[in-house]
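Trainee: I am new to this structure and would like to go through it in questions and answers. May we begin?

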Amino acid sequence: MSVDGFAEVAGPLRREILTHCYRMVGSAADAEDAVQETFLRAWRGFDRFEGRSSMRTWLHQIATNVCLRFLEQREKRALPSGLGSASADWLSRARPAPAETRWVSPLPVDPAEAVGMRQKTRLAFVAALQHLPPRQRAALILRDVAELPADEVAAILGTSTIAVNSALLRARERISREAPDPDEMRESGPEVARYADAFERADISALAAILRDDVTLEMPPHATWFAGREAVLGFLGTHVLTEKHRFAVRSVTPTANGQPTLALYAHGEAHALQVLDLDRGGVRRIHIFLMPEMLPMFGQPVNLPPGPDLPGHDS
């Protein structure tokens, strides 16, 4: 088959393969590298592609093998909740993780693309995947997310259908325990607006009305994390929301992993990317990535222009 038609048949699948690689490796940057390698390998071998499987299955096979090789060479990525137990000491400052810690990072997703796939791109789901052995992870993603038949998954992984089904049982059990599907979703727009307003005004009481009882707070690159409304509000009130309008909060598009996403600015300078997990009970998870370098990936400026509504602005 001529390489001239490669872009035409493979190009429309690039975003799907990128998301597949992201679930495998847990990092937007690593996923981009894996996609580049995948499409280079596919382009080089396109003239030998005989069509015995679909182009989609073929690209998933190449991408999976590329990701498995990546994972052999890299340490596992995690969120703070994957490093240890939640802290009960919200009076103390958060403890930084070791510098070599590799974090699960968010993936920019256009809201239109997020429809119908939000559950399988949630940060909590992607982080939980990183706890699975790589080949078990691949089996779960190929079968339950890409929805490839078990025999095709077995062929991709070079194993038997029985082995794939056995791996799936173990993987599904662990994922359901570590990242259960949230309760029924509700329209998040008004809730996110209320949350952003309460955060800007440092209104702990207003935040309390939006958070679930079992809400969690994670703040990479800190290892410390909190579970439960009392601990989360205690830490935020003691160390973060110490004065009104300390932060400017801006809604972000594209979103991180299809979830409500906010950019935080302190005195006009990029401070953090905040990703929320909501369901009908309220805010379930708060991820605050204290990594201002992430904001340009989500179309946000490093500095806000001066204005009368900017925290720290002298009028």
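This is a predicted model: local features need pLDDT of at least 70, side-chain atom pairs count only at pLDDT 80 or more; totals for chains, interfaces and linings use all residues.

Trainee: Within what arc do the buried residues of α8 fall, seen down its axis?
Mentor: Helix α8 spans residues 150-157, and its buried residues are A150, V153, A154, I156 and L157. In an α-helix, residues three or four places apart point the same way, because there are 3.6 residues a turn. The buried residues of α8 line one face of the helix, since seen down the axis they fall within an arc of 160 degrees.

Trainee: Which helices are included in what covers those buried residues of α8?
Mentor: The cover is partly helical. It includes α4 (55-73), α7 (134-145) and α9 (161-178).

Trainee: In the open sheet, which are the edge strands?
Mentor: The sheet has 6 strands with mixed pairing, in the order β3-β2-β8-β7-β6-β4. An edge strand pairs on one side only, and this holds for β3 (225-227) and β4 (247-251).

Trainee: Which residue in β6 is the bridge partner of S251?
Mentor: Strands β4 and β6 (residues 261-266) run antiparallel and are joined by 5 bridges. In β6, the partner of S251 is L262.

Trainee: At about what angle does helix α10 run to β4?
Mentor: Helix α10 (residues 189-200) lies across β2, β4, β6, β7 and β8. Its direction relative to β4 is about 165 degrees.

Technical notes:
Residues are numbered from 1 along each chain as its sequence is written. Side-chain values use heavy atoms; hydrogens and water are left out. Two strands pair if DSSP finds at least two bridges between them. Helices (H or I, at least four residues) and strands (E, at least two) are DSSP runs, numbered from the N terminus. Contact means heavy atoms within 4.5 Å. Axes are lines fitted to C-alpha atoms, for helices over the stretch in contact, and angles run from 0 to 180 degrees between N-to-C directions. Buried means under 20% relative accessible area, exposed over 50%, partly exposed in between (1.4 Å probe, protein chains only). The arc is that of the directions from the helix axis to the C-beta atoms.
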